[in-house]
Amino acid sequence: HRRMLHEEQHVLRDLASDPRPRHRALQLEHLGVKTLLIGGFWLEHQVLATGLYALAAAYDVYVLADVTPPQSNAAAHLSHNRLLVQGARPVVTSQVIHEWSLAASADERVSLEGLLENIVERRRAAIDSGLAATS
């Protein structure tokens, strides 16, 4: 089981760095993946393209809105609408982790709570650095 998990993590890491979104989405088929949580830079470029290809390939797509900034505010609304119309669902990272923790074992719950704490700390640091940059 650990070997399979390690192989999946390796494949997912490689796919995340692949600049071809269609290739990323379709390569997950051999892992038995049916649902994708996508996020990152930039909403109207990589995330939009990956989401649209994944939706076309019949994946359930959830867009992590709190970790997916737009490069252009003007394009953000259009990109969100395109994803929603095609069937993507917007969520926030803490919501997903909380839902996972409800079905998790005690050990998994501890790991998920640690992950959530890490996310909160990173958000606070990002807010603090953003405030410092505007001061």
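Predicted model: local features only at pLDDT ≥ 70, side-chain atom pairs only at ≥ 80, totals over all residues.
Mentor: Local features need pLDDT of at least 70, and residues are numbered from 1 along each chain.

Trainee: What makes helix 3 roughly parallel to helix 4?

Mentor: The axes of helix 3 (residues 43-56) and helix 4 (residues 73-86) come within 10 Å and cross at roughly 10°. Angles under 35 degrees count as roughly parallel, so helix 3 is roughly parallel to helix 4.

Trainee: Why is Leu78 called exposed?

Mentor: Leu78, which lies in helix 4, has a relative accessible area of 57%. Buried means under 20%, exposed over 50% and partly exposed in between, with a 1.4 Å probe and protein chains only; Leu78 is therefore exposed.

Trainee: Why is the pair of Phe41 and Trp42 called edge-to-face?

Mentor: Rings of Phe, Tyr and Trp (its six-membered ring) pair if their centres lie within 6.5 Å; planes under 30 degrees apart count as stacked, over 60 as edge-to-face and the rest as tilted. The ring centres of Phe41 and Trp42 are 4.8 Å apart and their planes stand at 85°, so this pair is edge-to-face. The count by this rule is one aromatic pair.

Trainee: How do you know that Phe41 is exposed, and what is Trp42 called?

Mentor: Phe41 has a relative accessible area of 56% and is therefore exposed. Trp42, at 28%, is partly exposed.

Technical notes:
Heavy atoms only, no water. Axes fitted to C-alpha atoms, helices over the stretch in contact; angles between N-to-C directions. Helix = DSSP H or I, 4+ residues; strand = E, 2+ residues; numbered from the N terminus. Parallel < 35°, antiparallel > 145°, perpendicular 65-115°, else oblique.
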